[in-house]
Amino acid sequence: MKGYKPQTIEPKWQRRWAAERSYHAPVDPSRQKYYVLEMFPYPSGKLHMGHMRVYSIGDVLARFLRMRGFNVVHPMGWDAFGLPAENAAIENRVSPDRWTAQSIAQMKQQQQRLGVSYDWEREVNTSSPDYYRWTQWLFLLLYRRGLAYRRKAAVNWCPYCQTVLANEQVEAGLCWRCESVVEHQEREQWFLRITDYADRLLSDLDLLEDWPERVKVMQRNWIGRSEGAEIVFRIKDFPGENLPVFTTRPDTLFGVTYMVIAPEHPLVHRLVAGTEKEKEVMDFVARVRRESEIERTSEDSPKIGLFTGRYALNPLSGAAVPILVGNYVIMSYGTGAVMGVPAHDERDFQFARSYDLPVRAVIRPPEAEKGEGAPEFNLPYTGEGVMINSDQFNGLHSADGVGRITEKLREQGCGQFKISYRLRDWLISRQRYWGAPIPVIYCDRCGIVPVPEEALPVLLPPAADLSGDRVPPLSQYRSFVETSCPECGGAARRETDTMDTFMCSSWYFLRYTSPRLESFPFDREAADYWMPVDQYIGGIEHAVLHLLYARFFTKVLYDAGLVGVEEPFSRLLAQGMVYKDGAKMSKSKGNVVSPDEIVERYGADTGRLFILFASPPEKDLDWNDQGVEGCHRFLRRVWRLIEECSEIREGGPGGVAGGLGEAEVELQRVLHGTIRKVTIDIEERFNFNTAISAVMELVNAVYDYRREIALDRQSRSLLQELLRTLTLLLAPFAPHLAEEAWQTLGCGGSVHQQPWPDFDPEALAVEEVEVVIQINGKVRGRMQVPAGAAAEKLLQRAREQQRIGELLEGKQVLRQIIVPDKLINIVVR
């Protein structure tokens with residue numbers, strides 16, 4: 001083949017790899033394993049550059065580690081359930097399962113065109129019954145262990161779409177899809193008790209030393225562990241009704257001047273029922289509840305409150321403080337009520353000023369004067385200090401006051417020490433068709449009855465009536481709903497909610513270890529061999545929910561004795577976004593570049609090389625068409641070298657077989673320096689961009705050698721060694737070109753089955769000499785430099801020395817005398 005022709009060589013090697021099962025990785029206890037995994041995609045039908053980037057990153061690592069001798073498993077599959085498939089089904093008038101199958105086929109073909117070294121024999125599809133059977137089995141495991149339960153919960157309900165919406169799907173009180181007014185309803189929902197694992201999920205983050213710190217911070221913040229006290233306020237003239245709050249600052253209890261409760265709080269209506277405040281307050285509640293939690297809790301959103309006409313009683317001082325309903329208090333966090341301490345909280349201070357509420361200081365900064373009357377310090381003061389205006393606790397340091405006040409509350413039966421979490425139990429119920437059915441049956445006689453394991457999977461019925469603008473939820477399929485009770489045999493009905501798709505993605509990495517097993521979710525021996533995932537790669541947008549849920553599932557399975565690891569992912573790489581023209585690639589901005597375009601025009605190897613060269617993997621990447629062209633030119637330059645060396649090997653013109661001269665020693669030093677740098681950059685740093693840069697410099701060095709040394713004096717053996725090594729170094733980045741080059745150079749086997757080259761430290765060694773530095777004939781310094789260094793380099797190194805630079809500052813250089821390898825004399829005045 002003359003010239004670089006990726007459209008010819010890439011399909012050729014892809015067919016060869018598939019036919020020879022090149023990337024199938026069986027369990028082999030005699031070899032050290034390595035599990036490389038990219039987050040599996042939703043099958044939308046088309047790959048985008050974000051996909052191409054993450055797959056290229058994972059493939060470099062997988063190919064490199066195989067060459068390093070590891071038994072590498074590198075699987076791929078499909079996160080196939082979810083609302084997007086339903087939307088596509090509606091738009092295209094095709095069932096979600098058919099749409100999903102078509103999309104998977106298309107995306108799989110695109111992935112194979114990229115030359116990614118997946119073990120396709122391990123492919124999984126979460127919407128396939130042979131997969132979601134085991135998702136349902138895991139739900140039953142959670143149910144048996146008391147971790148799955150059903151209760152009423154306030155939800156965002158779209159009456160038109162007939163489904164619950166996440167907070168992010170409510171925009172200005174409207175459904176993001178159909179723009180109907182969202183209703184807030186109490187509905188029976190299924191939850192998982194992830195809060196039972198909150199402490200372990202938090203503490204075990206310290207074990208994940210190879211996770212990005214920003215991801216661990218995000219998870220810590222999401223779990224949100226707080227130590228403090230639960231304090232119970234009685235309601236004035238309202239016998240039997242209490243208002244508990246959680247606070248991390250019980251030392252400020254005497255500074256409470258108002259209370260605020262969430263609009264969803266069950267007390268709201270009882271507080272105002274039959275009073276002159278009822279209509280005003282309930283109208284306010286209805287208005288606020290149309291907003292999403294994100295809108296209400298945003299720092300930019302105004303904090304709005306309305307007085308209920310009721311008062312709460314401070315459990316220690318007895319002071320009556322007004323109770324307001326506020327838009328910024330959320331029922332799902334804490335108790336749904338907060339105590340307002342405006343003197344010692346910025347948000348409370350601004351709220352109090354807006355509504356003319358009193359401000360009472362109860363903590364004095366240690367350095368403030370103790371004068372009578374108002375303390376001499378600015379409010380709000382949020383730090384620690386000395387307690388004031390707090391009865392018998394005056395004079396205590398506030399840190400001591402936390403414990404003393406909480407103990408006093410406990411003694412009086414109106415408070416206790418408590419740990420609170422921002423983390424809520426995981427709501428998994430979804431009122432839509434395209435998801436794994438929850439395997440539960442409701443019987444009027446027996447109550448909630450789990451579907452027997454032998455009856456799994458509970459299959460989805462064929463989708464019907466796609467003529468409208470939504471897929472009917474399971475509740476509208478009579479043949480699905482009506483069933484018999486497994487315990488008494490009487491008439492019963494199935495649960496019609498499906499599971500959150502995060503259920504499917506919380507264990508898929510385990511299914512990869514034995515994807516065809518029919519008797520269990522995964523084979524324990526295979527899981528023990530492959531787990532944990534050694535390197536997990538995916539977007540930062542999954543830093544919280546997916547990763548947290550996967551960690552939760554793994555811990556539950558560990559406690560059940562089903563796996564031998566408590567954490568699923570040893571190392572995590574969160575790759576950056578792909579931008580073009582300064583904006584994230586998107587159809588609406590018209591700046592999308594398709595991987596197919598790149599493959600058809602330049603070849604997959606060019607696209608891979610640019611994506612890996614343009615930016616470190618954890619940073620954002622700015623797509624640049626000129627950069628793609630540059631990478632393509634580089635691969636053509638490599639191919640010309642391969643063809644030229646092939647001609648030398650075959651007895652073409654030029655080439656001596658003798659010993660190494662000075663030029664050859666230098667070229668060999670560059671070669672082994674490149675091996676060293678590429679190895680370290682891939683293995684230790686994930687700096688693929690600088691690894692590729694080093695390979696480019698090596699290619700430049702070879703071209704310089706070929707240009708500067710007469711053809712009949714060039715070392716044939718060194719060039720052959722160098723081109724073989726160059727091919728090995730390029731193999732993880734440009735796998736198709738490397739295979740073709742390896743074959744063209746007359747080497748046997750696949751390049752990807754060769755051992756990774758080792759560098760020779762002796763070849764890197766450079767003889768050094770000591771050079772004396774003189775100014776006006778007087779010795780002013782000495783330096784170690786490589787033997788034979790050019791005069792310009794010697795002068796540069798001399799001037800970089802601090803003392804020499806200081807002596808030359810402001811002086812006029814008259815002459816520079818250089819004796820190579822011995823002396824520099826700079827004459828100045």
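Helices (H or I, at least four residues) and strands (E, at least two) are DSSP runs, numbered from the N terminus. The model is predicted, so local features need pLDDT of at least 70 and side-chain atom pairs count only at pLDDT 80 or more, while totals for chains, interfaces and linings use all residues. Residues are numbered from 1 along each chain as its sequence is written, and side-chain values use heavy atoms, with hydrogens and water left out.

**Two cis prolines**

Select proline 532 to begin, in the loop between helix 16 (524-530) and strand 26 (533-539), where the peptide bond from methionine 531 to proline 532 is cis, with omega near 0°. Then go to proline 380, which sits in the loop between strand 16 (363-364) and strand 17 (386-387); the bond that reaches proline 380 from leucine 379 is cis, and its omega is near 0°.

**A helix pair**

Next, show helix 5 (residues 129-144) together with helix 17 (residues 545-559), whose axes come within 11 Å and cross at roughly 65°; axes here are lines fitted to C-alpha atoms, for helices over the stretch in contact, and angles run from 0 to 180 degrees between N-to-C directions. That angle makes helix 5 roughly perpendicular to helix 17, given that angles under 35 degrees count as roughly parallel, over 145 as roughly antiparallel, 65 to 115 as roughly perpendicular and the rest as oblique. With side chains displayed, Leu138, Leu141 and Leu142 in helix 5 can be seen to meet Phe552, Phe553, Val556 and Leu557 in helix 17, contact meaning heavy atoms within 4.5 Å.

**An open sheet and a hairpin**

Now select the 4 strands that form an open sheet in the order 6-5-9-19, with antiparallel pairing; two strands pair if DSSP finds at least two bridges between them. Strand 6 (163-165) and strand 19 (426-427) stand at the edges with a single partner strand each, so one side of each has no neighbour in the sheet. Strand 9 (residues 183-192) is joined to strand 19 by 2 bridges, the two running antiparallel, and phenylalanine 191 has leucine 427 in strand 19 as its bridge partner.

Move on to strand 10 (residues 225-235) and strand 11 (residues 242-247), an antiparallel pair with 6 bridges, in which phenylalanine 233 is partnered by leucine 243 of strand 11.

**Positive phi in two loops**

Phenylalanine 686, in the loop between helix 21 (662-685) and helix 22 (688-708), has a phi near 60°, a positive value in a residue other than glycine. Is phenylalanine 686 buried or exposed? Phenylalanine 686 is buried, with a relative accessible area of 7%, where buried means under 20% relative accessible area, exposed over 50% and partly exposed in between (1.4 Å probe, protein chains only). Asparagine 776, in the loop between strand 31 (768-775) and strand 32 (778-786), also has a positive phi, of about 55°, but asparagine 776 is partly exposed, at a relative accessible area of 41%.

**Strand 34 and its partners**

Finish at strand 34 (residues 823-828), where 5 of the 6 residues are buried, so strand 34 is largely enclosed by the rest of the structure. Strand 31 runs parallel to strand 34, with 4 bridges joining them, whereas strand 33 (residues 813-819) pairs with strand 34 in the antiparallel sense over 6 bridges. Centre the view on isoleucine 824, which has isoleucine 773 opposite and also isoleucine 818 opposite. The hairpin of strand 33 and strand 34 has 3 residues between the strands, and aspartate 821 there takes a positive phi near 65°.
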